[in-house]
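Hi,

Here is the structure I promised to pass on. Have a look at it first, then read my notes below.

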Amino acid sequence: MHPVTKHHKFPSGFLKKNVIVLFLGLVFVPYFLLGTIDYVITLRRKNDAFSYFHNKDYSTAYREIMPFAQNGDSEARFVIGSMTAFGVGTNRDKMLATQWFSCEGVSGCVNGYNEFRAGKGCFSGEWGDLSYEECILWLKFSSDLGYHPASELLEEYQKKKAAEFSSDKKPPK
């Protein structure tokens, strides 16, 4: 007697659903993995580019950070803008700096924030030994763009300056 083989019947649509799942897995899993790998590589390159800046190799930093700025990376745009504004690693060009600081076409960017950061960095000496007027200029740009913290800081600096001016003008006793 031959053993009777039972034919297993799959539920209706079982193969069709599994073929679709398999197809989607074969298409999207590699796509996802490649995207993740690309992200990690890009992040590594960005960290390397910014390390030149932190190590004060400014001309190399400018060259290495530039592609990220050109692709809309907001932090890269700020650094390139600041380097351009203050002539660090490149020629000083305030008009070009304002273009790098611009939020046009950059997601998550707040108008006036980059100019504000540049002004604060200027006062702290982060960008070299610069004049009071130069630092104030960036806060004014920020304030004119409607960034309220810049207006508040600008007012504070102007009060300090006025107090210094009035104490210098007191008549001798």
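This is a predicted model: local features need pLDDT of at least 70, side-chain atom pairs count only at pLDDT 80 or more; totals for chains, interfaces and linings use all residues.

**What I found**

Ser143 sits in helix α6; helices here (H or I, at least four residues) are DSSP runs, numbered from the N terminus. Leaving aside residues up to four places away in sequence, Ser143 touches Ala150, Ser151 and Leu154, where contact means heavy atoms within 4.5 Å.

Residues are numbered from 1 along each chain as its sequence is written, and side-chain values use heavy atoms, with hydrogens and water left out.

Now the salt bridges (a side-chain nitrogen of Lys or Arg within 4 Å of a carboxyl oxygen of Asp or Glu). The count is 7. In one of them, Lys46 pairs with Asp73, with the closest N and O atoms 2.6 Å apart. This joins distant parts of the chain, 27 residues apart: Lys46 is in helix α1, and Asp73 is in the loop between α2 (58-70) and α3. Arg92 also forms a salt bridge, with Glu134, at 3.4 Å between the closest N and O atoms. Here Arg92 is in the loop between α3 and α4, Glu134 is in helix α6 (residues 132-144), and the two are 42 residues apart.

How do α3 and α4 cross, and at roughly what angle? The axes of α3 (residues 74-86) and α4 (residues 94-101) come within 8 Å and cross at roughly 170°. That makes the two helices roughly antiparallel, a label for angles over 145 degrees. Axes are lines fitted to C-alpha atoms, over the stretch in contact for helices, and angles run from 0 to 180 degrees between N-to-C directions. Among the residues that meet are Phe78 and Ile80 in α3, and Leu96 and Trp100 in α4.

Cheers

Key
Angles under 35 degrees count as roughly parallel, over 145 as roughly antiparallel, 65 to 115 as roughly perpendicular and the rest as oblique.
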